[in-house]
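Dear colleague,

I am passing on the structure we discussed, and below it you will find my notes on what came out of it. Please read them with the coordinates open beside you.

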Amino acid sequence: MSMTAHIAELERKHQALDKKIADEQAHPNKDTVRIAALKRQKLVLKDEISRLRTGSPRPSPSLH
């Protein structure tokens, strides 16, 4: 898979998470834990997309 195709796939997943978040927030019995988890996943994808676009190295995992 080319880098452009990989970034496009990550963007598609990012948009799908955005829709899931909106759907969950519109639900009368919101699951705030699920919303938070979806937002974390979305942020991870956003960071990965940004990293790939800029060519930055992957950050090392923190040991906190």
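Leaving aside its neighbours within four places in sequence, Leu-17 is in contact with Leu-38, Gln-41, Lys-42 and Leu-45. Please keep in mind throughout that this is a predicted model. Leu-17 belongs to helix H1, and because its relative accessible area is 8%, under the 20% cut-off, Leu-17 is classed as buried. The C-alpha atom of Leu-17 is 15 Å from that of Glu-48, a residue 31 places away along the chain.

Leu-45, one of the residues that Leu-17 touches, is found in helix H2. Is Leu-45 buried or exposed? With a relative accessibility of 15%, Leu-45 counts as buried. Not counting residues up to four places away in sequence, Leu-45 touches Leu-10, Lys-13, His-14 and Leu-17. As for His-14, its C-alpha lies 6.2 Å from that of Leu-45, although the two residues are 31 apart in sequence.

Both leucines take part in the largest nonpolar core, which is made up of nine residues: Ile-7, Leu-10, Leu-17, Ile-21, Ile-35, Leu-38, Leu-45, Ile-49 and Leu-52. The elements that give two or more residues to this core are helix H1, residues 3–26, and helix H2, residues 32–54, and the element that gives the most is H2, with five residues. Ile-21, another member of the core, is in contact with Ile-35, Leu-38, Lys-39 and Lys-42, once its neighbours within four places in sequence are left aside.

Now to the two helices themselves. H1 has 24 residues and spans 35 Å from its first C-alpha to its last, which is close to the 34 Å expected at 1.5 Å a residue. H2, with 23 residues, reaches 33 Å from first C-alpha to last, close to the expected 33 Å. How do the axes of H1 and H2 lie, and at roughly what angle do they cross? The two axes come within 9 Å and cross at roughly 160°. Since an angle over 145 degrees counts as roughly antiparallel, H1 and H2 are therefore roughly antiparallel to each other. The crossing of H1 and H2 is left-handed.

The buried residues of H1 are Ile-7, Leu-10, Leu-17, Ile-21 and Glu-24, and they pack against H2.

Why does Glu-24 count as buried? Glu-24 counts as buried because its relative accessibility is 15%, and the cut-off is under 20%. Leaving aside neighbours within four places in sequence, Glu-24 is in contact with Asn-29, Lys-30, Asp-31, Arg-34 and Ile-35; of these, Ile-35 is also listed among the residues of the largest nonpolar core.

With best wishes

Notes. Residues are numbered from 1 along each chain as its sequence is written. This is a predicted model: local features need pLDDT of at least 70, side-chain atom pairs count only at pLDDT 80 or more; totals for chains, interfaces and linings use all residues. Side-chain values use heavy atoms; hydrogens and water are left out. A nonpolar core is a set of buried Ala, Val, Leu, Ile, Met, Phe, Trp, Tyr and Cys residues joined through side-chain atoms within 4.5 Å. Buried means under 20% relative accessible area, exposed over 50%, partly exposed in between (1.4 Å probe, protein chains only). Helices (H or I, at least four residues) and strands (E, at least two) are DSSP runs, numbered from the N terminus. Contact means heavy atoms within 4.5 Å. The expected span of a helix is 1.5 Å times one less than its number of residues. Axes are lines fitted to C-alpha atoms, for helices over the stretch in contact, and angles run from 0 to 180 degrees between N-to-C directions. Angles under 35 degrees count as roughly parallel, over 145 as roughly antiparallel, 65 to 115 as roughly perpendicular and the rest as oblique. A crossing is left-handed if the near helix is turned anticlockwise from the far one by less than a right angle, and right-handed if clockwise.
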